[in-house]
Amino acid sequence: TSANLLQGKWQSTDDKTNFLVFEGTLRKETAGGTDKWDEEPFVLSDHCENDLNLKDEIKPEKDRYISCKQSDLCWYILKVDKETLSLSYMGRGNTLNYQRAK
């Protein structure tokens, strides 16, 4: 399932200092080579659950949306498998590509 495949540490293919970690229901991100991590809970569901994207008319798809209510962000999972993760940022529609970090 998407939920299981999402878990773990991912490295951006565009910015090698950008890492994304999913641990249980916690999303962590760091960039710029610092030891500082932004952490917040996330929800995996069939639509965006953050306020900003709540009214968007999006076709529901099971476990395809990652919502962070605190920062009011939402991403759509374009692809996730053992080695790659592609997310579409719902605010701008840009694609973020990651590979499983070793």
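Leaving aside neighbours within four places in sequence, which residues is Leu87 in contact with? I looked this up first.

**Entry: ground rules.** I am working on a predicted model, where local features need pLDDT of at least 70, side-chain atom pairs count only at pLDDT 80 or more, and totals for chains, interfaces and linings use all residues. Residues are numbered from 1 along each chain as its sequence is written, and side-chain values use heavy atoms, with hydrogens and water left out.

**Entry: Leu87.** I took contact as heavy atoms within 4.5 Å. Leu87 touches Leu20, Ile66, Trp75, Tyr76, Ile77, Leu78, Asn94, Thr95, Leu96 and Tyr98.

**Entry: core.** The core has 15 residues. Leu6, Phe22, Ile66, Ile77, Leu85 and Leu87 have the most contacts inside it. Strands E2 (19–23), E6 (65–68), E7 (73–80) and E8 (84–89) each give two or more residues to this core. Strands are DSSP runs of E, at least two residues, numbered from the N terminus.

**Entry: salt bridges.** I required a side-chain nitrogen of Lys or Arg within 4 Å of a carboxyl oxygen of Asp or Glu. The count is six. I noted burial too: buried is under 20% relative accessible area, exposed over 50%, partly exposed in between (1.4 Å probe, protein chains only).

- Arg27 pairs with Glu29 at 2.7 Å, N to O. Arg27 is buried at 8%; Glu29 is partly exposed at 21%.
- Lys28 pairs with Glu23 at 3.6 Å. Lys28 is buried at 16%; Glu23 is partly exposed at 43%.
- Lys36 pairs with Asp38 at 3.0 Å. Lys36 is exposed at 57%; Asp38 is partly exposed at 47%.

Definitions and conventions. Core = buried A, V, L, I, M, F, W, Y, C linked by side-chain atoms within 4.5 Å. Helix = DSSP H or I, 4+ residues; strand = E, 2+ residues; numbered from the N terminus.
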